[in-house]
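Keep the structure open as you read.

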Amino acid sequence: MTPPRSTWLPSRRDFLAASSTALAGSLLPGRALAALRRRHAAAAPDPSPLRIGMLADPHNDLVHDGEERIRVFVECMRREHVDAILQLGDFCTPKPANDRFMEVWRRFRGPRHHVLGNHDMDGGHDVAETLTYWQVERRYRSFDAGGFHFVVLDTNDPPPGEERRGYPAGVRPDQLAWLTVDLAATALPTVVLSHQPLGRRCVRNRDEVLAVLAAAKHAETGRRKVVACFAGHLHADDHVVVDGIHHVIVNSMSYFWLGPPYARIRYSEEVDRTHPTMKFTAPYLDPLFTVVTFDPRGTIAMTGLDSEWVGPSPLDCGFPKDAELVQAGAVAPRISARTLSFEPPAG
Ligand SMILES: [Zn+2]
C-alpha cells in the first residue's frame, strides 16, 4: 500500500506568498484538505493513529529563508491537526538571530520534539546552551505515544579520545548502556530518532549501535522491538533495511550540500553577501517535510512532497554520478511517499 503522492502540501506560489506575508493565507485549499481527510479516514479506521509532522536539517544559521520555510511547515501542521511535530537536527544554534525562527516553531501548540544535530552547537555553543534554548531537558531520552515507544538518541556523542576530531559522530558507552536498558523495558513497537543516520555509514561505532537495536526482542514472540529509525544529516531522500529494520532519511527542509567546488550564486548577490555559504548548496524551491502516520497494527506511512532545484541540479553542476547517494536515487528535491510495514509485537 503506497499512499498517493501528496498534492496538498504548499505549492511554490503558496510558499512565495507565505514568504511575503506575516502569516500565510490559505496554504491548504478546502477541497484538498477534505480529500486528505477522506484519505486518512479510509486508510485508518479507529483508533486514529498518531500523526507527527517531521522535518530535518533546515539549517537556519545558513539559509536566508529559514523563517519562511518553518512558517509554511507550522501553518500546514496546524491546519492538519497533527498530534506532534519533530525536527531531526541541524535546526538552529542558540543565538538571538534565531529567536524569530524559534518563535514561529512554537506557534505549534502540541508536543514539539527535538533531535540534536552536529551543527546545533556551531559558533562555540555547548550542548547545554542549545538544549536550554530549545526547551529540551535531555540530549537523549524516550517517550511513548500512539502505541509506540520513541527513542531520541544523541549521535554527536564522541567515543572516548575522539572528542576534538572534527564533528563528533558516535554513541558513547554510557548512552549505549542506557539504550539497552530502555529497550529492554518497553513492550511497544519502537522507533529510533537520531540526526546522523544509522542505516548509512555516518556514526563511528554504528555496528555497536545496530547490534543493540537488533538484539532487542519481545520476550514472548521473539519479534524485534525496533521497527524503524528516522534520521536526517545527509540531506537525502533515502530508505534502506538493515537487520529487518527500516532506516529512513528525511530530506533536508532546505537544500542539498554540494561544497565549494560547485559554488554558484543561486538567489542574488545580496543573498550571497548576507549568507555566503548558500552558493555551496543546491536549494529546494519549496520547504520539504512529511507527515508520518504511526499505526501500531503494523504500518508507518509517510506523505511525499516533490519540489525542484533552485538553479542547476547537482549533476548539472558536475557533482559525481558515482556518489553513493546519487546511485541510490536519494539526491533529489523530494521526500518520497512511503509505507513501511512491520510485525506488531504480538498476533
Ligand atoms: Zn548534520
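Strand β4 (residues 141-145) runs antiparallel to β5, and five bridges join the two. This is a predicted model: local features need pLDDT of at least 70, side-chain atom pairs count only at pLDDT 80 or more, and totals for chains, interfaces and linings use all residues. Residues are numbered from 1 along each chain as its sequence is written.

**Terms for strands**
- Helices (H or I, at least four residues) and strands (E, at least two) are DSSP runs, numbered from the N terminus.
- Two strands pair if DSSP finds at least two bridges between them.
- Strands of a sheet pair through backbone hydrogen bonds, either parallel or antiparallel.

**The β4-β5 hairpin**
- Serine 142 sits opposite valine 151 of β5.
- Two residues lie between the strands of this hairpin, and glycine 146 there takes a positive phi near 60°.

**The sheet that holds β5**
- Six strands make an open sheet in the order β4-β5-β6-β7-β9-β8, and the pairing is mixed.
- β4 and β8 (238-242) are its edge strands, each pairing on one side only.
- From one strand to the next, the twist averages 20° (axes are lines fitted to C-alpha atoms, for helices over the stretch in contact, and angles run from 0 to 180 degrees between N-to-C directions).
- β5 and β6 (residues 190-193) run parallel, joined by four bridges.
- Across that pair, phenylalanine 150 has valine 191 as its bridge partner, and valine 151 has valine 192.
- β6 and β7 (residues 226-231) also run parallel, with four bridges.
- Here valine 191 faces alanine 228, and valine 192 faces cysteine 229.
- β6, helix α7 (residues 206-215) and β7 form a right-handed β-α-β unit (with the strands pointing away from the viewer, the path from the first strand over the helix to the second runs clockwise).

**Covered strands**
- A residue is buried if 20 or more other C-beta atoms lie within 10 Å of its own, exposed if 12 or fewer, and partly exposed in between; C-beta atoms are placed from the backbone.
- In a regular strand the side chains alternate between the two faces of the sheet.
- Which way do the residues of β5 point? Phe148, Phe150 and Val152 point one way, His149 and Val151 the other, and all are buried.
- In β6, Thr190 and Val192 lie on one side and Val191 and Leu193 on the other, all of them buried.

**The other sheet**
- A six-stranded open sheet has the order β3-β2-β1-β12-β13-β16, with mixed pairing.
- β3 (112-114) and β16 (338-341) each have a single partner strand, so one side of each lacks a neighbour in the sheet.
- β1 (residues 50-55) and β2 (residues 84-87) run parallel through four bridges.
- Isoleucine 52 stands opposite alanine 84 of β2.

**The core**
- The largest nonpolar core has 72 residues; Met54, Leu88, Leu193, Ala228, Phe230 and Val250 touch the most other members.
- Such a core is a set of buried Ala, Val, Leu, Ile, Met, Phe, Trp, Tyr and Cys residues joined through C-beta atoms within 7 Å.

**Histidine 64**
- Histidine 64 lies in the loop between β1 and α3 (66-80).
- Why is histidine 64 partly exposed? Histidine 64 counts as such because 17 C-beta neighbours lie inside 10 Å.
- The C-alpha atoms of histidine 64 and valine 271 are separated by 6.8 Å, though the two are 207 residues apart along the chain.
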